[in-house]
Amino acid sequence: MTQKIRIHLADDHQVLIDGLTNLLQTVNNFEVVGSSLDGTTVYDDVIMDNADILILDISMPKKDGIETLKEFSKKEFPCKVIILSSYDDLKLIKEVMKLGAKGYLTKKCAGENIIEAIEAVYQNQEYFCDAVREKIFNRFTHNNPKFNKDLYVMNPILSAREIEITILISLEYSSKEISEELFISMNTVETHRKNIMKKLQIKSTIGLVKYALKNNLINP
């Protein structure tokens, strides 16, 4: 029997908690084990529920998501945290990721992306919903003359994130720069690099650049 992923929901709107619970209960290996309506009890609630994943609203009453993350950081994280927010402000996203969150979803895309987010974060990957990921990437590349701003890629081999990593490596950004600017760990960057090279059956960065040029991911 597959071990269930135990999920705790923290949001000040019961209707949202109920909606997410109904959605997540459709996944066989998910179990919603509890919920919190304000930030003051989240830490203790998560420990009591033995949760693997916390979905945390950034705008909680009494103690907001930022303060809750700070509490987690001081006391040691009892589980992995995915932030749920009405906002896609990059400064806010950078702050919560620095505080230890592993994923970020806007409420607009939660219904579409939350299942994928939970599965990714449970497997120790960082996760951003598509709109947030694209916003982060575009901020990083918009002033680079070699970036093909007319890029629209449906790639049968690489995922959207792998395409972004391929572009950034081809534009000669270091793993450290990619890590810092995309708000992901160095380990995640290197894992993506290895997976890309394996999928494309290439052995060097030069091969990666050739692929990027051939597929119009970057300009010559």
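**View 1. The centres of domain 1 and domain 2 lie 29 Å apart, taken over C-alpha atoms.** The domain assignment, automatic or from a database, gives domain 1 as residues 5-129 and domain 2 as residues 143-215. Six residues from domain 1 and six residues from domain 2 make the contact, meaning heavy atoms within 4.5 Å. This is a predicted model, where local features need pLDDT of at least 70 and side-chain atom pairs count only at pLDDT 80 or more, while totals for chains, interfaces and linings use all residues. Residues are numbered from 1 along each chain as its sequence is written, and side-chain values use heavy atoms, leaving out hydrogens and water.

**View 2. About 470 Å² is buried between domain 1 and domain 2.** Buried area is the accessible area (1.4 Å probe) that two parts lose on being put together, summed over both. Carbon and sulfur atoms give 65% of the area between these domains. On the domain 1 side, look for Lys94, Glu126 and Phe128, which lose the most area to domain 2 and together account for 76% of what that side buries.

**View 3. Two residue pairs are in polar contact between domain 1 and domain 2, both residues at pLDDT 80 or more.** A polar contact is a pair of N or O atoms within 3.5 Å; within protein, one must be able to donate a hydrogen and the other to accept it, and residues adjacent in sequence count only if both atoms are side-chain atoms. Helix α4 (residues 90-98) supplies four residues, the largest share of the domain 1 side that touches domain 2. Helices are DSSP runs (H or I, at least four residues), and strands are E runs of at least two, numbered from the N terminus.

**View 4. Strands β3 (residues 53-57) and β4 (residues 80-85) run parallel, joined by five bridges.** Strands pair if DSSP finds at least two bridges between them. Ile53 has Lys80 in β4 as its bridge partner.
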